[in-house]
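Me: I have a chain open here and would like to go through it with you. Can we start with the surface and then move on to the strands?

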Amino acid sequence: SAAAPEIDMLILIDREVDMITPLCTQLTYEGLLDEVFGVNNSLVEVDPEVAGASGTRKVKIPLNSNDRLYADARDRNFSTLGPHLNARAKKIEEYTKRRPDRDNTLSEIRTFVADLGSYQAEYKSLRVHTLIAERILQVTRSADFPRRLECEQSMLAGVLGTRTDYIEELIARQAPLVSVLRLLCLYSLTSNGLKPNRFDHFKRELLHTYGYEHLFTLDNLERLGLLCASRRGSPPWATVRNKLRLVVDDIDETQPNDIAYVYSGYAPLSIRLVEQAVRHGGWQRVDDVLRMLPGPTFEHTQARTAVAAAAAAAAANATASAAAAADVAALVDAAGIEAEHGGGYNGNTPTALAAGDVAAAAAAAAAADAGRD
């Protein structure tokens with residue numbers, strides 16, 4: 001029988017709908033790999049000592065699900081990665097202790113050898129990812145990292161207000177410009193823009209600190225609505241946040257049951273929209289929220305006609321039964337189409353239609369049905 005399609009739904013969300021999520025610090029293992037090292041084309045470049053290699057040139061480490069250990073670790077919250085790697089190390093250690101000796105049977109030796117390659121690959125991967133995790137740990141344990149997370153989460157929860165001391169401190173310390181702009185854009189988006197005097201203040205400070213060549217960058221961010229002065233009306237972020245439950249206080253990062261674990265309390269807006277789309281009622285249940293988001297929203301369901309559906313069902317079998325063949329022929333006749341093929345329905349005695357004939361009849365019937373519509 002024909003296999004059911006692996007994909008039966010397509011959801012397209014414009015990036016403009018959710019500009020906030022990319023500005024937040026990622027807290028999964030793969031996310032922090034990107035934050036600390038930068039992931040490009042599923043590759044991350046690390047120092048040779050991190051990869052256990054010699055020389056001075058950086059080493060490219062592939063990141064994909066062919067690596068069993070990485071596939072299991074990539075989406076974990078980084079706070080749970082240490083115990084996970086430790087458990088995998090113990091599993092490998094237990095395997096090596098089962099090394100066969102003269103008392104083992106041939107069957108036991110064969111089983112050990114069969115698993116040897118995968119365990120050796122996992123051991124090599126474990127060594128690399130442990131060293132990478134140690135390097136990431138140096139960043140997450142720094143004094144600056146928790147302060148940044150606290151600032152971000154205060155913005156998302158709407159409790160930062162005008163307390164922007166940390167952002168001003170970053171500017172005074174000449175922290176990387178991208179890092180500062182991410183926080184300022186997040187502050188602007190969650191506050192419906194900055195107050196005009198605060199906007200002018202930050203713009204002046206950035207230009208004095210980082211140079212006037214960045215005036216074009218600030219102008220582009222303002223035109224995009226990422227970093228701008230206050231706009232009229234109440235901030236839509238507060239309503240969207242509460243309606244879609246984007247900020248979750250009680251998160252289990254070890255056994256997560258909510259997508260908010262990836263940001264330790266913040267559920268990405270785009271993910272919440274997908275969750276709503278696949279539930280009963282779809283986006284109609286949150287229509288008031290969708291009206292606050294930029295761009296139009298629509299849902300379209302593709303439905304097959306009765307003729308095409310019946311013919312496709314018959315085509316699923318290598319050889320249709322006589323009754324099924326008669327049904328298809330009747331449907332084709334009803335659609336005003338003459339099926340021309342060798343064998344098939346001879347007008348008196350229905351015979352089994354070949355699968356190709358049924359498919360041809362289905363295509364013709366569907367075309368006729370569409371023409372009538």
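Me: What does the accessible surface of the chain come to, and what percentage of it belongs to carbon and sulfur atoms?
Reply: This is a predicted model. Its accessible surface comes to about 22500 Å², and 51% of that belongs to carbon and sulfur atoms.

Me: And how many of the residues count as buried?
Reply: The chain has 373 residues, and 36% of them count as buried.

Me: Which residues form a nonpolar patch on the surface?
Reply: Met 9, Val 274 and Val 278 form one, with about 240 Å² of accessible area together. Met 9 lies in the segment before α1, which covers 29–36.

Me: New topic. How many helices and strands are there?
Reply: The chain has 15 helices and three strands.

Me: How many bridges join β1 to β2?
Reply: Two, and these strands run antiparallel. Asn 40 has Leu 43 in β2 as its bridge partner. Two residues sit between the strands of this hairpin, where Asn 41 takes a positive phi near 55 degrees.

Me: What about β2 and β3, how many bridges there?
Reply: Four bridges join them, again in an antiparallel run. Glu 45 stands opposite Lys 60 in β3.

Me: Which side chains of β2 are buried?
Reply: Val 44 and Val 46, which point to one face.

Conventions:
Residues numbered from 1 in each chain as written. Predicted model: local features only at pLDDT ≥ 70, side-chain atom pairs only at ≥ 80, totals over all residues. Heavy atoms only, no water. Buried < 20%, exposed > 50% of the residue type's maximum accessible area, 1.4 Å probe, protein only. Pairing = 2+ DSSP bridges. Patch = residues over 30% accessible without salt bridge, like charges linked within 9 Å, V, L, I, M, F, W, Y side chains within 5 Å. Areas by Shrake-Rupley, 256 points an atom, 1.4 Å probe, with all protein chains shown as cover. Salt bridge = Lys/Arg side-chain N within 4 Å of Asp/Glu carboxyl O.
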